[in-house]
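Please consider the structure shown below.

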Amino acid sequence: MFLRDIQQILGGDLIGEVGVSLTGVGTIEGAAATEITFLANPKYRSALSSTRAAAVIVGPAHKDLTALPRIVAENPYAYFARVAQLFSPPQQVIGSIHSSAVVHSSAQVSSSASVAEFVSIGSGARIGDGVCIGPGSVIGDGVTIGAGTRLAARVTIYDGCHIGARGSLHSGVVIGADGFGFAPDFSGAGGSWVKIPQTGGVRIGDDVEIGANSTIDRGAIDDTVIGNDVKLDNQIQIGHNCVIGDHTIISGCVGIAGSA
């Protein structure tokens, strides 16, 4: 697409135009001659003079630092992210259920959902429009998955959990395993830890991304709750009955104790 195409879709102020069709995005130091880059951090200002990029996204304070064709945006980094999305759209979901998948007769799977090889979907599960479930994933009884959510390979969602719309769960994610609940009873000689049944669920909002091998435990009685637009990195553990508010972002290898 040309620079004017991007500006018409995403807004911003257009200064100049490229003579060739843009093919993608690149860093300010590594962009090719048909790619668009961005300047958000002032420490890279000097790289503008040597970049090979065809065009650049800049903020209002930097719009006069280069003669390159450019789009001026209030938040160049976020604008760049949206441009990158234009060049890397998600793979189209084609409604189908693979012959090796096992789908309970009472499950409701939208005709526009894609269910890959060796998926298991339990009784009473509801799979929304445009959902994509990757190979080897296990969807428990009574699970609901909102429209447009994508599960990579080998995602496990235990019984009774809810996943909102437009989410993204990467490989190895486990939603709804038992919380770590044990009551001590060591009053006598034969004392032990007494397991507390974890009868709550997990409720995950819309537009949530969960990184590979992350786990979210089900609640002991009430649900564990993940708000809307939450972004979780890889290898994160969220304990039972945690409440994570809207728009929270958590980097990799964080562990959050129950009820936080």
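## Basis of the model

The model is predicted, so local features need pLDDT of at least 70 and side-chain atom pairs count only at pLDDT 80 or more, while totals for chains, interfaces and linings use all residues. Residues are numbered from 1 along each chain as its sequence is written, and side-chain values use heavy atoms, with hydrogens and water left out.

## The largest pocket

A pocket is an open set of points on a 1 Å grid over the protein atoms alone, with protein on both sides within 12 Å along at least five of seven lines; its lining residues have an atom within 4 Å of a point. The volume, meaning the space filled by probe spheres set on the points, is about 220 Å³ for the largest pocket.

Its lining consists of Gln-85, Ser-88, Pro-89, Pro-90, Arg-150, Leu-151, Ala-152, Ser-168, Leu-169 and His-170. Two or more of these residues come from each of β15 (150–151) and β18 (168–169), strands being DSSP runs (E, at least two residues) numbered from the N terminus.

## The second largest pocket

The second largest pocket holds about 150 Å³ of space. Gln-91, Gln-92, Val-93, Ile-94, Ser-96, Ser-114, Cys-132 and Arg-150 form its lining.

## A loop residue

Pro-60 lies in the loop between β4 (55–58) and β5 (70–72). Leaving aside residues up to four places away in sequence, Pro-60 touches Val-72, Ala-73 and Glu-74, where contact means heavy atoms within 4.5 Å.

How values were computed:
On a 1 Å grid over the protein atoms alone, a cavity is a set of points where a 1.4 Å probe fits but cannot get out, and a pocket is an open set with protein on both sides within 12 Å along at least five of seven lines; lining residues have an atom within 4 Å of a point. Helices (H or I, at least four residues) and strands (E, at least two) are DSSP runs, numbered from the N terminus.
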